[in-house]
Amino acid sequence: MIADKRWKGVYSFEDSPFLMEILTELRNKHTGAIEFRKGLVKLGRYMGYELTKTMDFEKVEIETPLEKTEGIIAKDRKNVVIVTVLRAAIPLMEGLIKVFEHARVGIVSASRGKAPKFEIEMNYIKIPEIKPEDTVIIADPMIATGSTLLKVIEEVKKYGTPKRLIVLGVLAAPEGISRIKGAYPEVEVFVTKIDRELNDHGYILPGLGDAGDRAFGAPIKTAKK
Ligand SMILES: O=P(O)(O)OC[C@H]1O[C@H](OP(=O)(O)OP(=O)(O)O)[C@H](O)[C@@H]1O
Ligand SMILES: O=c1cc[nH]c(=O)[nH]1
Ligand SMILES: [Mg+2]
């Protein structure tokens, strides 16, 4: 885990060859939907595991069949709320929940409109109560302009004030991170890698393309009634 010097509380996993290998497969345009989804599940699981290293644990005394010894109980790991941003975060959440099996899960829909406005449409919002002891993990693979997450964070905050508010993604553009940290300095960001920049259409470069389309197929428009 590397702390990025440009912001406080922003971390990437560029030091993990294993995670970089999974990212390489996701980036490759020849990777099909099945492997793409599997890659996102794997990243959710292993980044979730890395996150546990930043959490609080409690010391406990237990007895093995032979003698007393000390162990730990993962206090924070049991108080997690995962907020899944549709569509692309679904496989990421599947991986995360393997590590945070007690997690309560919120689901929100967020669809980004076209450049230059990138308006965010949020139609579906189901978020559980957020308690002071909770760690909230907002899962969204792509942090591009940051517009989606600004809107999602604003919404999440209505449900309570957690101990930690974390954004967990796969790729981020510096522009998106700067916007989020500018508006919400307390939000921590964990991403597999921070990429170079955005193109004129708001896509991350070099990126991996449209995460939702690659995982689930491109939607088509039907004639309106
Ligand atoms: O940082 P931003 O510029 O807001 O872009 C990031 C968002 O774009 C993608 O969602 P999209 O709107 O494509 O929806 P989808 O997951 O259904 O494809 C992605 O999953 C993020 O939620
Ligand atoms: O590069 C990008 C930017 C936004 N959303 C995506 O899915 N990919
Ligand atoms: Mg998309």
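Student: What makes Ala144 count as buried in this predicted model?

Tutor: Ala144 has 25 C-beta neighbours inside 10 Å. The cut-off for buried is 20 or more, so Ala144 counts as buried.

Student: Where does Ala144 lie, and which residues does Ala144 touch?

Tutor: Ala144 is in the loop between E11 and helix H4 (147–156). Not counting residues up to four places away in sequence, Ala144 touches Ala173, Gly176, Leu198, Gly202, Tyr203 and Ile204.

Student: How do you know whether Ile143 is buried or exposed?

Tutor: Ile143 has 27 other C-beta atoms within 10 Å, and a residue is buried at 20 or more, so Ile143 is buried. Ile143 lies in strand E11 (residues 142–143). Its contacts, leaving aside neighbours within four places in sequence, include Leu149, Val167, Ala173 and Val191.

Student: What is Ile204 called, buried or exposed, and why?

Tutor: Ile204 is called buried because 26 other C-beta atoms lie within 10 Å, against a cut-off of 20 or more. Ile204 belongs to strand E15 (residues 204–205). Beyond neighbours within four places in sequence, Ile204 is in contact with Met142, Ala144, Leu171, Ala173, Asp195 and Leu198.

Student: Why is Asp210 called partly exposed?

Tutor: Asp210 has 14 C-beta neighbours inside 10 Å. Buried needs 20 or more, and exposed needs 12 or fewer. The count of 14 falls in between, so Asp210 counts as partly exposed. Asp210 is found in the loop between E15 and helix H6 (211–216).

Student: Which annotation does UniProt give for Asp210?

Tutor: An unreviewed UniProt entry lists Asp210 under "binding site", along with residues including Arg87, Arg112, Ile143 and Ala144. A "binding site" annotation, also from an unreviewed entry, covers Ile204, Gly209, Asp210 and Ala211. Such annotations may be inferred rather than shown by experiment.

Student: What makes strand E5 largely enclosed by the rest of the structure?

Tutor: Strand E5 (residues 80–86) has 7 residues, and 6 of them are buried, so E5 is largely enclosed.

Student: How do you know that E5 pairs with strand E6 and with strand E10?

Tutor: Pairing requires at least two bridges between two strands. E5 and strand E6 (residues 104–109) have 6 bridges, and 5 bridges join E5 to strand E10 (residues 135–139). Both numbers meet the requirement, so E5 pairs with E6 and with E10. E5 and E6 pair in the parallel sense, and E5 and E10 also run parallel. One of the bridges to E10 has Thr84 partnered with Ala139. In E6, the bridge partner of Val83 is Gly106.

Student: Which helix does the chain pass through from E5 to E6, and what is the hand of the crossover?

Tutor: The chain goes from E5 through helix H3 (residues 89–99) to E6, a right-handed β-α-β crossover.

Student: How do you know how the radius of gyration of the protein stands against that of a compact globule?

Tutor: A compact globule with 225 residues would have a radius of gyration near 17 Å. The protein has 18 Å, which agrees. The C-alpha trace spans about 70 × 40 × 40 Å along its principal axes.

Student: What share of the residues is buried, and how many helices and strands are there?

Tutor: Buried residues make up 38% of the 225 residues. The protein has 6 helices and 15 strands.

Definitions and conventions
Residues are numbered from 1 along each chain as its sequence is written. Chains are lettered from A and ligands numbered from 1 in the order in which they are written. This is a predicted model: local features need pLDDT of at least 70, side-chain atom pairs count only at pLDDT 80 or more; totals for chains, interfaces and linings use all residues. Helices (H or I, at least four residues) and strands (E, at least two) are DSSP runs, numbered from the N terminus. Two residues are in contact if their C-beta atoms, placed from the backbone, lie within 7 Å. A crossover is right-handed if, with the strands pointing away from the viewer, the path from the first strand over the helix to the second runs clockwise. The radius of gyration is taken over C-alpha atoms; the globule rule is 2.2 Å times the number of residues to the power 0.38.
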